[in-house]
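Student: Hey, I've just opened this one and I'm a bit lost. Can you walk me through it?

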Amino acid sequence: MRKEKKQQEQKAAFKVSVRVFDGITGQPAAAGIAVHFFVAGFPSGGGNFQFLPSDTAQTDAGGVASIDFIPGDAPGTYDIQVECAQCSEIPSVSYQVNTIQEPPFKEKKPKAEGEEIKKELGGGGAGTLAVWDISPDNPVVTPKDTGGAEKKEFTLTGIANSIFQVTLTPAKSNTGGHQHNGTRPLGALNGAGLLPTGLNTYQGTIGASSQTVITYTAGLVGGQEHISISAGGKVRASTFVNVRVEGLVPLPRPGLYVIESGDKDHPNFTYGKQELIIAIGQIAQAYLSTHSAIISINDLSLVSGGIFDSNKNWNPPHQCHRIGTSVDFNRFEIVNDDTKRRPDIATRINALLQPNNINCKRVVEQDPTKAHFECPGTAKCP
Ligand SMILES: [Zn+2]
Ligand SMILES: [Zn+2]
């Protein structure tokens, strides 16, 4: 009986509290933000610690989240960390509970209990909204001039009447199949009161409603871009924008044709819509049957569509090749493993279309070294 009582004393709970508040106004965050407590280090033999009622608590109206911590059976330092996944920044704060064995377990004051652990977790609103957010997250937008939805409206949520900055950057270099640098042209942002403050940077003010709408309009280049929102000198919210033509698939590797392009900076150059991919197979088959030779494929579209700047200057020499309906044939053919020049390849392919019910159309492009076709034949270059 006596022993059991002692055990209970040793297992006394420590209240662990953390206060979430807004980094700009200093006001407590709203109620209902989930805060997670966990133990990052504990003394040997102390692994049977507990959080009660669980290791996650919601903030109350004062922005305070509390749980009870019961140390394990060993004396020593329990390193408790706290994180708030919903906050716009996720620093983890930590403090320690030190226990000594002599009866009963006791905390060493300074760093336990609420007062000492009022730490900023970032985010938060002045009694209205606790977190910054931009939505939707990771949407798909089609490149400019490719016939799809090139605009996307984002809703930015934050602290009422606060000033924010928006920065648009490439998500990383080399997205969208462009393995080269230079100043990649990005999309554009606008919205009520949003003003450009530099290249791809903007400033705005959130209204009294704590929300504002930012419209993104894609540029000519496919790939991934990143929108980042800052306020009070800290990043508060961000999202990626995926600029791409949907439904592009790679041309299967050779069989009835070969694929040859000397462009090392655009290694993913054989993407097209299914209808084009099928038509190329039909052309190759018809060519082989009629001429006993294998055709050679050059550029289709890049993996995300958009401009195909084979000069890698972010300017399109290829007017077409943006939406997955274009194909260039090299002006040669392969007969018994020998490559033979075939200046009239476009005429030869053109003559095969109608008899074989292949839905493509010859289009004369600026670059006369290639024979260009659009499939389906109704496709239009932007
Ligand atoms: Zn490029
Ligand atoms: Zn072409």
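Student: Which elements do the buried residues of H3 pack against?
Tutor: They pack against strands S18 (249-250), S19 (257-259), S20 (271-272), S21 (294-297) and S22 (326-335), and against helix H4 (345-353). Keep in mind that this is a predicted model.

Student: OK, and which residues of H3 are the buried ones?
Tutor: Leu-276, Ile-277, Ala-279, Ile-280, Ile-283, Ala-284, Ala-286 and Tyr-287.

Student: How many residues does H3 have, and how far does it reach?
Tutor: H3 covers residues 274-291, which is 18 residues. From its first C-alpha to its last it reaches 26 Å, close to the 26 Å expected at 1.5 Å a residue. Just after H3 comes Ser-292, with a positive phi of about 50°.

Student: What about the largest nonpolar core, how many residues has it got?
Tutor: It has 54 residues, and Ile-280, Ile-283, Ile-295 and Val-327 are the ones with the most contacts inside it. H3 gives the most to this core, with eight residues. At least three residues come from each of domain 2 (133-243) and domain 3 (249-374).

Student: You mentioned Val-327. What is it in contact with, leaving aside neighbours within four places in sequence?
Tutor: Gly-272, Leu-276, Ile-280, Ile-297, Leu-300, Phe-373 and Cys-375. Phe-373 turns up again in the strand pairing, as the bridge partner of Val-327 in S25.

Student: How many bridges join S22 to S25, then?
Tutor: Five, and the two strands run antiparallel. S22 is also joined to S21 by three bridges, again antiparallel. There, Ile-297 stands opposite Phe-329 in S22.

Student: And how does S22 pair with S23, over how many bridges?
Tutor: Antiparallel, over four bridges. One pair to look for is Glu-333 with its bridge partner Lys-340 in S23. S22 and S23 form a hairpin with two residues between them.

Student: Is Asn-336 buried or exposed? And Asp-337, buried or exposed?
Tutor: Asn-336 has 8 C-beta neighbours inside 10 Å, so it counts as exposed. Asp-337 has 6 C-beta neighbours inside 10 Å, so Asp-337 counts as exposed as well.

Student: Switching topic: where are the cis peptide bonds you'd point me to?
Tutor: One joins Ser-135 and Pro-136, with omega about 5°. Pro-136 is in the loop between strand S8 (133-135) and strand S9 (140-141). Another runs from Cys-375 to Pro-376, with omega near 5°. Pro-376 sits in the segment after strand S25 (370-374).

Student: What's up with Trp-132, buried or exposed?
Tutor: Trp-132 has 29 C-beta neighbours inside 10 Å, so it counts as buried. Its place is the loop between helix H2 (113-116) and S8. Trp-132 and Ser-210 are 78 residues apart in sequence and 9.5 Å apart in space, C-alpha to C-alpha.

Student: Now the open sheet with three strands. What's the strand order?
Tutor: S1-S5-S3, with antiparallel pairing. Strand S1 (14-19) and strand S3 (50-52) stand at the edges, each with a single partner strand, so one side of each has no neighbour in the sheet. From one strand to the next the twist averages 35°.

Student: How many bridges do S1 and S5 pair over?
Tutor: Six, in the antiparallel sense, with S5 covering residues 64-70. Val-18 is the residue that stands opposite Ala-65 in S5.

Student: Last bit, the whole protein. How many helices and strands are there?
Tutor: Four helices and 25 strands. Of the 382 residues, 36% are buried. Among contacts with a separation of 6 or more, 69% are between residues 24 or more positions apart.

Technical notes: Residues are numbered from 1 along each chain as its sequence is written. Chains are lettered from A and ligands numbered from 1 in the order in which they are written. This is a predicted model: local features need pLDDT of at least 70, side-chain atom pairs count only at pLDDT 80 or more; totals for chains, interfaces and linings use all residues. A residue is buried if 20 or more other C-beta atoms lie within 10 Å of its own, exposed if 12 or fewer, and partly exposed in between; C-beta atoms are placed from the backbone. Two residues are in contact if their C-beta atoms, placed from the backbone, lie within 7 Å. Two strands pair if DSSP finds at least two bridges between them. Axes are lines fitted to C-alpha atoms, for helices over the stretch in contact, and angles run from 0 to 180 degrees between N-to-C directions. The expected span of a helix is 1.5 Å times one less than its number of residues. A nonpolar core is a set of buried Ala, Val, Leu, Ile, Met, Phe, Trp, Tyr and Cys residues joined through C-beta atoms within 7 Å. Domain bounds come from an automatic or database domain assignment.
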